[in-house]
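Visitor: I've got a file open here and would like to go through it with you. Can we start with the sheet?

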There are 2 protein chains.
Amino acid sequence: MSSAHPRLSLNQATIKHASLDQALKVTAEAGIGSIGLWREPVAEVGLEAACAALRSSGLRFSSLCRGGFLTTDDDEEFAASVEDNRRAIEETAALAEAGADGSAPVLVLVAGGIPAGGTIEAARQRFFDGLSQLIPAAAGAGVTLAIEPLHPMYASDRAVISTLAQALDLAEETASQHVGVVVDSFHIWWDPAVYAQIRRAGAAGRIATYQVCDWRTPLEEDVLLSRHLPGDGVIDLSAMTRAVEDTGYRGDIEVEIFHAAIWDQDPAVTAARTAEAFSRSVAPHLRG
Amino acid sequence: MSSAHPRLSLNQATIKHASLDQALKVTAEAGIGSIGLWREPVAEVGLEAACAALRSSGLRFSSLCRGGFLTTDDDEEFAASVEDNRRAIEETAALAEAGADGSAPVLVLVAGGIPAGGTIEAARQRFFDGLSQLIPAAAGAGVTLAIEPLHPMYASDRAVISTLAQALDLAEETASQHVGVVVDSFHIWWDPAVYAQIRRAGAAGRIATYQVCDWRTPLEEDVLLSRHLPGDGVIDLSAMTRAVEDTGYRGDIEVEIFHAAIWDQDPAVTAARTAEAFSRSVAPHLRG
């Protein structure tokens, strides 16, 4: 077994075509101590079996992707989505319980896009309404709802929340400590306010997770699949990682990459390369 | 001759394949009173001939695209770029003088991207240094240097200035009234701070020009060519136009579209469709 940096977590999306069992196996075999899971592969085997597999892997659990998508203007769809998010909260709590010590009960929330004929303002309000309805369940389960601002190129069809400042404004408006934010380098590196907002997030105790990958142009034809391994692009991961560390954040750091060519690799190769890239481009900037 | 809204200006990029003479002709024949020009087609005929053609067209001149690209970390290239921008300032002054009453001596500046191996922070500083060096020439020629924040999806390869707030911060740092900003719906519509920053820009007298086009997903394969006619996408042009109008801005409003399918149309058709789209989606929200 090779050895990866102890704070690295492999987000399962990086090895998208692996089943849950395969994902746990290649992660552990790459010497990575933690994994971020996705709901679909968990659902494939069922939550109970997933928890058992996670427990026997000895890995930490760093987050569940993903909840959210709460921007519909159809009342019935909205209620169904809130209900689905309640199930995701329960799944998150169970998986964090099954993971090794240091697991984090974090549910990543992607807001959702603008419904046909709607406005971005209305969609943002709808997301906030949904978020508010989920807080009692999150508090009851001890789960952190982590709002993930996505890059503004996804603002119309995927996430009407685009900046850390905006996510933190929402989190503060809820006045709940069960609402946090995802700091994902890919989505926010371009933001002139990024370091100030990372400090703000840290001071408020709202950094739920830190995710790293890199940005490179030209973008891929499918802009959703344009993420690269840390160090393979233009993001100043030294400055960003130090900014996150300076807040006192000492949790897992996920590498989450959506990229067709990376998905086509053997998952074991991807896990090993992820560990190498992390050691090279992120680990040197960590304080602990 | 049909008639377009009196505040519409056709940005020449929308009919990219037309020569300067053709562009002036189709603009006037569509009943549009103003045109935004690009340096390349002006250079093709020479500045003097371009000014003569503009004068005899009877059209207003609303802006020249584009200067900027000041982020190189090579000193020689940087000096050459500053020099080239000085020429663009002179061209802007001459064209504004040749245009009909109400012409605007506005030079649009696109910052430039991150040089190979560089950081976004250093590139931003370099742009600011270049901007500062251009102010005496702009002041001497009576030209407004209009910083255009581009959508964050262009932050690495085209413009390290991504938000109106950031552009206004730079403008204020120069303490010069010859520095303004471009409010372009396509680039900033997603920004949760957009209306507050439009108010700020207006209060500071720094709205140099207002450009409209629309955003729609999926993005085109070349993300540079993903702009649509006003009304054909998700941008709330009612709210944005009212925000700009509420500042007291009463200048020309340019429609600037980069889109291969639109470029392939007969320019006269594009001019007519632009006028129609403007009348439908922008004009109803104007105060004057």
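Visitor: In what order do the strands of the chain A barrel come, and is the pairing parallel or antiparallel?
Guide: This is a predicted model. In chain A, eight strands close into a barrel, ordered β1-β2-β3-β4-β5-β6-β7-β10, and the pairing is parallel. On average, neighbouring strands of this sheet are turned by 30° against each other, direction ignored.

Visitor: How many helices and strands does chain A have?
Guide: There are 11 helices and 10 strands in chain A.

Visitor: Let's take pairs. Over how many bridges do β1 and β2 of chain A pair?
Guide: Three bridges, in the parallel sense, with β1(A) covering residues 8-11. Ser9(A) stands opposite Ser34(A) in β2(A).

Visitor: Which residue in β6(B) is the bridge partner of Ala146(B)?
Guide: Gly180(B). The strands concerned are β5 (residues 144-147) and β6 (residues 179-184) of chain B, which pair in the parallel sense over three bridges.

Visitor: Staying in chain B, where does Gly58(B) lie?
Guide: Gly58(B) is in the loop between α3 (47-57) and β3 (60-68) of chain B.

Visitor: Is Gly58(B) buried or exposed?
Guide: Exposed, because there are 11 other C-beta atoms within 10 Å of Gly58(B), and the cut-off for exposed is 12 or fewer.

Visitor: Which residues is Gly58(B) in contact with, leaving aside its neighbours within four places in sequence?
Guide: Ala28(B) and Ala100(B). Ala100(B) is 42 residues from Gly58(B) along the chain, and their C-alpha atoms are separated by 5.7 Å.

Visitor: How much of chain A is buried?
Guide: Buried residues are 57% of the 288 in chain A. As for contacts in chain A between residues at least 6 apart in sequence, 80% join residues at least 24 apart.

Visitor: Now the two chains together. What rotation superposes chain A on chain B?
Guide: A rotation of 180° does, with 0.0 Å of shift along its axis and an RMSD of 0.0 Å. The two copies are thus related as by a two-fold rotation axis.

Visitor: Which residue of chain A comes closest to the rotation axis?
Guide: Glu221(A), whose C-alpha is at 2.5 Å.

Visitor: And the interface, how many residues are in contact?
Guide: 21 residues of chain A are in contact with 21 residues of chain B. The side of chain A that touches chain B has 11 nonpolar, seven polar and three charged residues.

Visitor: Why say the copies meet through the same surface?
Guide: Because 100% of the interface residues of chain A are also interface residues in chain B.

Technical notes: Residues numbered from 1 in each chain as written. Chains lettered and ligands numbered in written order. Predicted model: local features only at pLDDT ≥ 70, side-chain atom pairs only at ≥ 80, totals over all residues. Least-squares fit on C-alpha atoms with pLDDT ≥ 70 in both. Contact = placed C-beta atoms within 7 Å. Helix = DSSP H or I, 4+ residues; strand = E, 2+ residues; numbered from the N terminus. Buried ≥ 20, exposed ≤ 12 C-beta atoms within 10 Å, placed from the backbone. Nonpolar A, V, L, I, M, F, W, Y, C, P; charged D, E, K, R; others polar. Pairing = 2+ DSSP bridges. Axes fitted to C-alpha atoms, helices over the stretch in contact; angles between N-to-C directions.
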